[in-house]
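Keep the viewer open as you read.

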Amino acid sequence: MSNKEANVLSDTFQKTRDLTRWYLSLLKEVDPYKHWEVNGTRLNSVIWLASHITWAENFLILKGTGGQPVELDWLDSYNIKSSGDLHHNDHNMKIVMAAMKEVHEKAMAHVITLSDEEMEAENVLGFGFGGIKTNRMMVIHAIRHEAMHTGHLSWLCKINKVESV
């Protein structure tokens, strides 16, 4: 059973997560609950972005490719249709960062078990992008989804006058 592709995608996702965590570390001194407004558009807060990134990895990788998802009572509140609001009064960065770590470790351990043949299989959710519903697409979309939100974190660094690059 070959799983070269799973290893490459897992490594790519890990490099993306490393960048996400770096931006989050730069933002640790800012108010994670603050919503900035740009040209009349409300941006998501740091804590919402971290919560949403965690939800997405759990949904796309663990649920989507047949792994065992992490069950957290708050996680589905940060799905794709979420308003950007927080859904629990006790929701804080410590809880979110622990969940992000747990989901990511479990997801990466699962991804590397997928054979090249399993990557070609339709994902268990029947969820598709551009008409493609494979496990590969779920993993690839998880990577690009996180990278997009990592870009949002970089903007929040600039808006908060946190030097990054």
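A salt bridge here is a side-chain nitrogen of Lys or Arg within 4 Å of a carboxyl oxygen of Asp or Glu. What you're looking at is a predicted model, where local features need pLDDT of at least 70, side-chain atom pairs count only at pLDDT 80 or more, and totals for chains, interfaces and linings use all residues. Residues are numbered from 1 along each chain as its sequence is written, and side-chain values use heavy atoms, with hydrogens and water left out.

Searching the whole structure turns up six salt bridges. One of them joins glutamate 5 to arginine 136, with the closest N and O atoms 2.4 Å apart. That pair links distant parts of the chain, since glutamate 5 sits in helix α1 and arginine 136 in helix α5, 131 residues apart. (Helices, H or I of at least four residues, and strands, E of at least two, are DSSP runs numbered from the N terminus.) Arginine 136 also meets glutamate 120 in a salt bridge, at 2.6 Å from N to O. Glutamate 120 belongs to helix α4 (residues 116-120), 16 residues away from arginine 136. Together, Glu5, Glu120 and Arg136 form a network of salt bridges.

Another bridge pairs glutamate 57 with arginine 17 (2.8 Å, N to O). Glutamate 57 is in helix α2 and arginine 17 in helix α1, so this contact ties together parts 40 residues apart in sequence. Both glutamate 57 and arginine 17 are buried, where buried means under 20% relative accessible area, exposed over 50%, and partly exposed in between (1.4 Å probe, protein chains only).

Now stay with α2. Of its 18 residues, 17 are buried, so the helix is largely enclosed by the rest of the structure. Helix α2 also gives the largest share of the lining of the largest pocket, six residues. A pocket is an open set of points on a 1 Å grid over the protein atoms alone, where a 1.4 Å probe fits, with protein on both sides within 12 Å along at least five of seven lines; lining residues have an atom within 4 Å of a point. About 210 Å³ of space lies in the largest pocket. Of its 13 lining residues, the closest to the centre are His52, Trp55, Ile80, His141 and His145.

Finally, which backbone angles deserve a look? Most residues other than glycine have a negative phi. Asparagine 39, in the loop between β1 (37-38) and β2 (41-42), has a positive phi near 50 degrees. Lysine 161, in the segment after α5, has a positive phi of about 60 degrees. Asparagine 39 counts as exposed at 79% relative accessibility, and lysine 161 counts as exposed at 76%.

Key. Grid points are joined across faces, edges and corners, and a volume is the space filled by probe spheres set on the points.
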